[in-house]
2 protein chains.
Amino acid sequence: MNVVDFLLPVSESVARKGPHARIVLSSRVRLARNLQGHPFPGRAKKNERVASMSDIRPRVEELTAFKGCFSQSMDQLKAQEKNLLMERHLISREHAAKSSGSAVVFRQDESLCVMINEEDHLRMQSLRPGLQVKECWKEIDKIDTQLEKKLDYAFSPKFGYLTACPTNLGTAIRVSAMLHLPGLQLADLIGQTVNSVTKLNLAVRGLYGEGSDALGHIYQVSNQMTLGEKEPEIVERLTKVVLQLIENEENAREKLLEDQPKIIFNQIGRAYGILSNAHIIHSKEAMNLLSFVRLGVEMGIIPEVDCSVVDELFIMTQPNHLQHQAAGKLSAEERDLLRADMLREKLKNIPPPEPQ
Amino acid sequence: MNVVDFLLPVSESVARKGPHARIVLSSRVRLARNLQGHPFPGRAKKNERVASMSDIRPRVEELTAFKGCFSQSMDQLKAQEKNLLMERHLISREHAAKSSGSAVVFRQDESLCVMINEEDHLRMQSLRPGLQVKECWKEIDKIDTQLEKKLDYAFSPKFGYLTACPTNLGTAIRVSAMLHLPGLQLADLIGQTVNSVTKLNLAVRGLYGEGSDALGHIYQVSNQMTLGEKEPEIVERLTKVVLQLIENEENAREKLLEDQPKIIFNQIGRAYGILSNAHIIHSKEAMNLLSFVRLGVEMGIIPEVDCSVVDELFIMTQPNHLQHQAAGKLSAEERDLLRADMLREKLKNIPPPEPQ
């Protein structure tokens, strides 16, 4: 089955809202696990990767939570399908580059996803809209407990779960939340915010994880350390920091509106004006402008629109989602035209900003 | 009388159209003259300047063509009024800086204007919309002939009319046309165009004359030499070059529309989108964007609008015209807000671009 036919329409998936949806786009908890007696994927030969994959994949598929799931070996997916999954944040950029001996298994509602033979034998994640890291943790912990009964995890009493990269050793957990912080950006407070969060031993990254830009003023906050701290503590700590960031962002927006409303109106207005009138637009520019339109919607400056309309465009205007819309293979230039056409068309349903 | 109360509303003056108005905004012929026995203004003492001004000013005022004219000593004008006249291209930037001992005399329809004691004792110009340099020349030649009977011009049989700057010696004529060349700019042909025109011994300058930027893709083409060529020949030669430039610009627009229509639609759309939604905008950005809106109107991409609507905004959004609208003195930042407000309001009367 084609990935796209399986996935829910983007409009449905963005319509699901979680707590603090104004600022927190999504929460995610990811666990890394490896099997005893199998070399790590990066060191394994192809037949060894196929062997570990064959051990793991049926065990995941048979879990109740994965009933009716999509399960595919990476060599059976087209490049465009893999990139599409990456744009939905179901798999990593690294996993999108994998072929035979690696696989992906996920639920249709995108709430649970397992990458097999990415950097580790198992990378399982729970994804939820809004700030729900605790719920994500509970859910993925349950899956992990079920799998642990069936699979022989590589575990050291001293180091905890063993992982391909030592930075994941121990709990091998990554707890993260995706935040939309245009207010802090406009108020020129984003640098100091990133610094403070980093000092709390949390990492701040761009939209597509490590090494990527903060396109659309979207930041991923996650734990750095996996040793010496229990999972619930990490979840608790990250939640607290995210709640603080939400407050900072709300304060920045409020203060800007009070002190320099024209700066906000100007950014939102210009973004709206360009998106609804451009005929050529690159994905990065589109994201950065959509970010201001989302801010306008959240601040009530663009009235009577639900921010899911904008969130849908964030996803739909990405290169591989666009590509999927078109019949033939598109060049980057052709995508820039198609993206602009889509945005002009969709922006017709979003009324212009109305300051005051 | 206040300059602004005397001047016709901008909407009226932009409504007057001349030949080739699509591309040629205006034509101008300027003559420089000096009086025998009076030092040039730059070398004259204040009382000497007042003396020459007193000789010249009544002679200009009494001409039939100047009946009901505005005539004022520069020290009687506020800085804002002087700058407003500069923005209307009635006086030079240099003349706007003059005070006692200098004066300006002009007709209400702005077609004739005399600067007294700018760089020369007399700088008289005829201004007309569209390509009408020949008509301008005829008109200013008539004025010159009438004044020559009353004033003792400094004239050398060998060098012709004597002027403060040797580059004006001889005919002391400057024939110029103001051209809107966004097509050549978009097609990346403006550099080579400027080069070819320069090789023909014509100068190409920006909107406000020597040393100024080509804001809004507006270029002033004028003769360089005033020696060894008779006035009608200069007028004829410049007209031919301007006609060629018009053809080049039309060709560039046509070719762009044929080969890269999206590039045109994109520029026009974005310009329209920003102008109709910005809340802060600098005069330079406004001019450059208005230029693309004017192109859209001229190419029929923005339907059912007369380009005078855009031409009015070109003038009205300039700093001193804006300042005049406001009650108190505005800072540059305040002008950027007021300009954006005016543009948003006026753009409501201009329908969005409709490519194809």
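This is a predicted model: local features need pLDDT of at least 70, side-chain atom pairs count only at pLDDT 80 or more; totals for chains, interfaces and linings use all residues.
Residues are numbered from 1 along each chain as its sequence is written, chains are lettered from A and ligands numbered from 1 in the order in which they are written, and side-chain values use heavy atoms, with hydrogens and water left out.

**Exercise 1. Describe the extent of the interface of chain A and chain B.**

Step 1. Contact is defined by heavy atoms within 4.5 Å. On this criterion, 19 residues of chain A touch 19 residues of chain B.

Step 2. Buried area is the accessible area (1.4 Å probe) that two parts lose on being put together, summed over both. The two chains bury about 1600 Å², with 57% of it on carbon and sulfur atoms. Lys262(A), Arg270(A) and His279(A) account for 38% of the area that chain A buries against chain B, more than any other three residues.

**Exercise 2. Identify the salt bridges across the interface and the elements that chain A brings to it.**

Step 1. With a salt bridge taken as a side-chain nitrogen of Lys or Arg within 4 Å of a carboxyl oxygen of Asp or Glu, the rule finds four across the interface. Arg270(A) pairs in this way with Glu285(B), their closest N and O atoms lying 2.8 Å apart.

Step 2. Helices (H or I, at least four residues) and strands (E, at least two) are DSSP runs, numbered from the N terminus.

**Exercise 3. Locate the cavities and describe their linings.**

Step 1. On a 1 Å grid over the protein atoms alone, a cavity is a set of points where a 1.4 Å probe fits but cannot get out, and lining residues have an atom within 4 Å of a point. Two cavities of 30 Å³ or more are found in the whole structure.

Step 2. A volume is the space filled by probe spheres set on the points, which are joined across faces, edges and corners.

Step 3. The lining of the largest cavity includes Ile190(A), Thr193(A) and Tyr219(A). Helix 8 of chain A gives the most to this lining, with four residues.

Step 4. The lining of the second largest cavity includes Ile190(B), Thr193(B) and Tyr219(B). Helix 8 of chain B gives the most there, with four residues.

Notes: On a 1 Å grid over the protein atoms alone, a cavity is a set of points where a 1.4 Å probe fits but cannot get out, and a pocket is an open set with protein on both sides within 12 Å along at least five of seven lines; lining residues have an atom within 4 Å of a point.
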